[in-house]
Amino acid sequence: MDSNRTFNIAIVDDDKSEIDLLSSIINEYASLAGIDLVLHPFGSGEEFLSVYRPYRYTAIFMDIYMDGMDGIDCAREVLAKDRGAIVIFLTSSDGRMPDAFSIHAYDYIPKPAAKGRVFKVLDDVMMRQTAISSAPALTFSCDKKDITLPFPEIVCVRTGKHNYLEITDSKGDTYLTRATFSEVADSLSKDSRFLLVLRGVLVNMDYIKEMAGEICHLTSGMTLPISVKNAKNLASTWHNYVLDGIRAERKIRRTRNES
């Protein structure tokens, strides 16, 4: 775990006492684990969505039953923008668990939150972050500086104007480099998440929202052209990748719940 990194945690709940309880537990976890966590409390789903941006939060603790927009609908909007978002539901009833897992929530915690349960979920989240931070990385030069991006944070790579290569990351930053597309593609193509959708355009499938016609829609709002000839095969490859990810998450969840 990167001890110099700050992890942002959102808590969305219309009951302030529940926010205070969960905040106390999470702060205790951070102190014991020696990590820097910043908590962002929100009193409603509407308030949270008004400031939400993809990839801002390491984890989102979301109450299912709230006045106004409920947690299921709020989480659905979050996951539409960032399929990899870690949404952990807080609930006083199991009645809507099928709905929660149908949108591929990461986990759920019964209310009132028990310290051991919260600690276990946070351990899993931090292990996942460690896996991301230890993933292979791409290093390239931009504006006479060396830039290093872990593979999971690279959204797309495409050939740009004037012999530049454009590399866009999960924060929305785009870097221009003189590296060749073939050099970068050779490195990234070893990772199963990257898909060549058109000559000179490589996309991280974790950030694809939809493939429609000849256009690839990304969760950030970006659109990229795809091969007309291979459109059906590309869409099929992406759908299979998503299904494989869902199966893997379910296996992890089963293992976690059995331990």
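1. Contact here means heavy atoms within 4.5 Å, and the angle is taken between axes, that is, lines fitted to C-alpha atoms, for helices over the stretch in contact, with angles running from 0 to 180 degrees between N-to-C directions. Helices (H or I, at least four residues) and strands (E, at least two) are DSSP runs numbered from the N terminus.

2. On the basis of the note: this is a predicted model, in which local features need pLDDT of at least 70 and side-chain atom pairs count only at pLDDT 80 or more, while totals for chains, interfaces and linings use all residues. Residues are numbered from 1 along each chain as its sequence is written, and side-chain values use heavy atoms, with hydrogens and water left out.

3. As for the chain overall, the protein chain contains 7 helices and 15 strands. Of its 259 residues, 46% count as buried, where buried means under 20% relative accessible area, exposed over 50%, and partly exposed in between (1.4 Å probe, protein chains only). Among the contacts in the protein chain with a separation of 6 or more, 54% come from residues 24 or more positions apart. The accessible surface comes to about 13,400 Å², of which 51% belongs to carbon and sulfur atoms; these areas come from the Shrake-Rupley method with a 1.4 Å probe, and for residues only the protein chains shown count as cover.

4. Two strands are taken to pair if DSSP finds at least two bridges between them.

5. Val197 deserves a separate comment, being found in strand E11. With a relative accessibility of 2%, Val197 counts as buried. Leaving aside residues up to four places away in sequence, Val197 touches Val203, Met211, Pro225, Ile226, Ser227 and Leu234. Val197 and Leu224 are 27 residues apart in sequence, and their C-alpha atoms are 8.6 Å apart in space.

6. A second open sheet is formed by 3 strands in the order E13-E14-E15, also with antiparallel pairing. Strand E13 (208-212) and strand E15 (223-225) stand at its edges, each with a single partner strand, so one side of each is left without a neighbour in the sheet. Neighbouring strands of this sheet are turned by 20° against each other on average, direction ignored. E13 is joined to strand E14 (residues 215-218) by 4 bridges, the two running antiparallel, and Glu210 stands opposite His217 in E14.
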